[in-house]
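Subject: Structure handover

Hello,

Please find the structure below. My notes on it follow.

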Amino acid sequence: MCANVYDIVKAEKLTPDVTRLEIAAPHIAKKAMAGQFVMLTVDEHGERIPLTMADFSPENGTITIAALEIGKTTKKLGTLKAGDSLFSLVGPLGLPTELKNHGTVVCVGGGIGLALMYPVVRALKQAGNQMISIIGAKTKDLLIYEDEIEDVSDELHVCTDDGSKGHHGFVSDVLQKLIDDKRDINVVYAVGPIIMMKVIANLTKPYNIHTVVSLNPIMVDGTGMCGSCRVIIDGETKFGCVDGPEFDGHKVDFENLTARNRRYLAEEEVSLRNFKEAG
Amino acid sequence: MAEEKKSRIVPKKYPMPEQNPEERVKNFDEVPIGQDAETIILEAKRCLQCKESPKRKLCKEGCPVEIDIPAFIKQVQEGDFAEAMRIIRKKQNLPAVCGRVCPYENQCEGNCVVGKKNEPVGIGRIERFLADWERNEQKHGKVEPPTSTGKKVAVVGGGPAGLTVAGDLAKLGHKVTVFEALQYSGGVLVYGIPEFRLPKAIVKAEVDYIKKSGVEIKNDYVIGKVETVDDLLEKYDAVFVGTGAGLPNWTNLEGENLNGILSANEFLTRVNLMKAFNFPDYDTPIRVGKRVVTLGGGNVAMDCARTALRLGAEESIILYRRSDVELPARREEIHHAKEEGVRFELLAAPVRYIGDEDGNVKQIEAVRMKLGEPDASGRRRPIKIEGSNFILDCQTVLVAIGQSPNPLVPMTTPSLKTTKWGTIAVDAEGRTSKKGVFAGGDISTGAATVILAMGDGKRAAKTMHKYLMEDPSWPDAEVFEKAAC
Ligand SMILES: Cc1cc2nc3c(=O)[nH]c(=O)nc-3n(C[C@H](O)[C@H](O)[C@H](O)COP(=O)(O)OP(=O)(O)OC[C@H]3O[C@@H](n4cnc5c(N)ncnc54)[C@H](O)[C@@H]3O)c2cc1C
Ligand SMILES: Cc1cc2nc3c(=O)[nH]c(=O)nc-3n(C[C@H](O)[C@H](O)[C@H](O)COP(=O)(O)OP(=O)(O)OC[C@H]3O[C@@H](n4cnc5c(N)ncnc54)[C@H](O)[C@@H]3O)c2cc1C
Ligand code: SF4
Ligand code: SF4
Ligand code: FES
């Protein structure tokens, strides 16, 4: 395969709303680590948005991203096909996941978070950890990366909100059960919607289980220049893009993050409406 | 004879036509419209063509890159713009930029002999005119490729400092690659200084000119992440670090993470680099409330306050803790801001931010200040007047109280010595504590000016050339221990 930098090598839909793209970026693929993200711009008029690398292959010189189509930029991404090219792609950004042998790690993911979780489970497994994965989605058709995660986990628990597959209920129910069963858990890693990460962090706190969450504040440059991504950790301001995106879940001010992520709601709606009207 | 010459002096600069303030606050077009060739020749004729003398300083000595000002002005007097440009280009890689944003009143024009009793010769605007003329007439003269030296140089950061090093070294026959983190090159020129002061098309043309001289620019490359300076040293014969002062300073007051409080960098990057002023044609959003308060009093603060008006703020207020005379911004910028209706709330400092129930800022509490004794910087120290707190309603706060050096390169290059301000320690020639690595611009001086960053670049390029071609020796470690103090 001999693609130009930022050429899309492969494009596919994982669900009607989730697009996976494999993009040629040999220099990034060579350095990428689990937990890191890229900032990409689809076209000259586009916004710079952060997306976690769901995979990377130094051999093929490509990285893979999976995006949930919720607004204009992610919907634009969803229209791209193999052979198209991105305007800009920067990475690898952010601190990688701390890779050491903790013992037993429970990884909890929901929705699009499952794509982000896959390389983390894989890397932590390689680092020698016993990996228990708990994955969830609204319904079974929206479960992504299930097989991949299963391959690198020692134990897999599946949940759906509607009971169409696995446990009928939330990922937090399963985690609670593991704790109640007195399973030996050294670290919990959670990635998914803010509300899910908050619930998990609140759940593990009384048991004093170290809990890592991957935060998704609004970013502009992704390199520490602007502070758009600031989050409050233990009362202190940190930059999500350079000090994170992973933080100690017990110290995160989730209310502030939720409020800050709503900053441009009105404008985002305008963008989306215009995009839909333009077909 | 002498009498005759004196009487011919035109006391004032020929006026620069500008968009009128009521119009221009509604658009992002450049404020000064520019002058025509006849006027520029008349302006040039105000110059006395002073001879150098040990008794007085001349224009030329005020220019950090030592442009031969009398010589190029002489060519303009005679109408030979191409020759004038050739003289400028010998020293200056970004003439259209500096002719616009240089604080020339303190530099070249500050030393101008005519300026002792009258207005100085408009050196900046002549330079601006010539650079624009060159660009528009496409007289960017052919760049002759020099003979290759076979040496490879990596430049980290595509701002004024890095671009200058790149341009100069390429002219000397070195193979130069610039690694720039953002998708566009120019540093603060593209992400910071607004369109209405420095149109981005001009920056692009200057960058293209540098590319024409053989420089390769790799955008989207964050050094420290995709590769480190140490990695670069394995592939290049020398490295220049010009990563600037892009880390925003904060007030660290209660409530600073409320919605509606942005660093100047976030605000200006959204608007300039990402063109949020064209939202929704461009996708990046920006929002300003009815009343916008900008904290700080430098060029960056003026840019924020003026940009806010253009984005539709009804009121734009600068809150600054000292008085008018201490405002660090250029007088011209302050004047422009006042003309446009920016309100100055001087001798006042923020105390805390107050939010509404949705987490948006709604007020800022501030306190009145008075000026005490001069501090180390020679400026009178602002002192709080106890009990003088007041509340200002606002929906947007822009924090423009300075920037610190970008920490990424020093953090990922442990052997690079830094000062207590976080700048990279350099000797007088721009060498760092790591052999083969040079630095300059805001990353080594702290936030300064475009022309000083370029001056640093010029000097470093000279030393790098010598290092690559003649003398690969390096100063002792103590030199940098001292520089780091
Ligand atoms: C470190 C990090 C990693 C991420 N990884 C993934 C991923 O792998 N897959 C995925 O689908 N999503 C990921 N996200 C979220 C993704 O960046 C946003 O969904 C995307 O920017 C939305 O853009 P939009 O124009 O489509 O939607 P919009 O309509 O513009 O926004 C929808 C929502 O997305 C968030 N958002 C908007 N703009 C930004 C921005 N510039 N930066 C961050 N969030 C923004 C806001 O909360 C907003 O309300 C990640 C976010 C971060 C910070
Ligand atoms: C809003 C504003 C207005 C100003 N107005 C004026 C004015 O009117 N007149 C004046 O003379 N000066 C002005 N200045 C100051 C002037 O712009 C700076 O002093 C000058 O740009 C410094 O040049 P530099 O090359 O050192 O750094 P910068 O211009 O900051 O460029 C550094 C470049 O390095 C890149 N970079 C950073 N880290 C990395 C990395 N790890 N890897 C790769 N690339 C990296 C950055 O993206 C950037 O492009 C202003 C500054 C601001 C912010
Ligand atoms: S570069 Fe700046 S200081 Fe030098 S002559 Fe031009 S305007 Fe004056
Ligand atoms: S000091 Fe002023 S008058 Fe004298 S040569 Fe320079 S520009 Fe001309
Ligand atoms: S996104 Fe700008 S500092 Fe993090």
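**Aromatic pairs**

B:Phe81 and B:Phe129 are both buried, where buried means under 20% relative accessible area, exposed over 50% and partly exposed in between (1.4 Å probe, protein chains only). Before going further, the ground rules: this is a predicted model, in which local features need pLDDT of at least 70, side-chain atom pairs count only at pLDDT 80 or more, and totals for chains, interfaces and linings use all residues. Residues are numbered from 1 along each chain as its sequence is written, chains are lettered from A and ligands numbered from 1 in the order in which they are written, and side-chain values use heavy atoms, with hydrogens and water left out.

Over all chains, the structure holds 11 aromatic pairs. Rings of Phe, Tyr and Trp (its six-membered ring) pair if their centres lie within 6.5 Å; planes under 30 degrees apart count as stacked, over 60 as edge-to-face and the rest as tilted. B:Phe81 and B:Phe129 make an edge-to-face pair, with 5.2 Å centre to centre and 75° between the planes. B:Phe81 lies in helix α5 (residues 81-89) of chain B and B:Phe129 in helix α8 (residues 123-136) of chain B, so the pair ties together parts that are 48 residues apart in sequence. Helices here (H or I, at least four residues) and strands (E, at least two) are DSSP runs, numbered from the N terminus.

B:Phe81 also pairs with B:Trp133: the ring centres are 5.5 Å apart and the planes at 75°, so this pair is edge-to-face. Because B:Phe81 is in α5 and B:Trp133 in α8 of chain B, the pair ties together parts 52 residues apart in sequence. B:Trp133 is buried, as is B:Phe81. Elsewhere in chain B, ring pairs link B:Phe28, B:Phe196 and B:Phe277 into a cluster.

**Nonpolar cores**

A nonpolar core is a set of buried Ala, Val, Leu, Ile, Met, Phe, Trp, Tyr and Cys residues joined through side-chain atoms within 4.5 Å. The largest one has 74 residues, and those with the most contacts inside it are B:Ile69, B:Phe72, B:Ile73, B:Val76, B:Ile126 and B:Leu130. Helix α18 (residues 450-469) of chain B gives the largest share of this core, nine residues. Domain 1 (2-138) and domain 2 (152-246 + 404-484) of chain B both give residues to the core, so it lies between them; domain bounds come from an automatic or database domain assignment. A second, separate core has 32 residues, including B:Ala276, B:Leu327, B:Ile334 and B:Val342.

Leaving aside residues up to four places away in sequence, B:Ile69 touches B:Cys59, B:Lys60, B:Cys63, B:Cys108 and B:Ile123. Contact means heavy atoms within 4.5 Å.

**Ligand 4**

Ligand 4 is surrounded by B:Cys47, B:Leu48, B:Gln49, B:Cys50, B:Cys59, B:Pro70, B:Cys112, B:Val113, B:Val114 and B:Ile123, on the criterion that a residue is near a molecule or strand if one of its heavy atoms lies within 4 Å of it. By class, this shell has nine nonpolar residues, one polar and no charged ones. Ala, Val, Leu, Ile, Met, Phe, Trp, Tyr, Cys and Pro count as nonpolar, Asp, Glu, Lys and Arg as charged, and the others, Gly among them, as polar.

**Chain A**

Chain A is divided into domain 1 (6-93) and domain 2 (104-261). Their C-alpha centres lie 21 Å apart, and the contact takes 20 residues from domain 1 and 21 residues from domain 2.

Helix α6 (residues 194-204) of chain A has the buried residues A:Ile194, A:Met196, A:Met197, A:Ile200, A:Ala201, A:Leu203 and A:Thr204. Among the elements covering them are β7 (104-110), α5, β11, β12 (210-214) and α8 (254-260) of chain A.

A:Ser153 lies in the loop between α4 and β9 (155-160) of chain A and is buried, with a relative accessible area of 12%. A:Ser153 touches A:Val121, A:Met131 and A:Ser133, again not counting residues up to four places away in sequence.

**Backbone points to check**

- A:Tyr145 is not a glycine but has a positive phi of about 60°. A:Tyr145 sits in the loop between β8 (130-137) and α4 (146-152) of chain A and is buried at 6% relative accessible area.
- A:Lys182, also not a glycine, has a positive phi of about 60°. A:Lys182 lies in the loop between α5 (171-180) and β11 (187-191) of chain A and counts as exposed at 72% relative accessibility.
- The peptide bond from A:Gly244 to A:Pro245 is cis, with omega near 10°.
- The peptide bond from B:Phe279 to B:Pro280 is cis, with omega near 5°.

Regards
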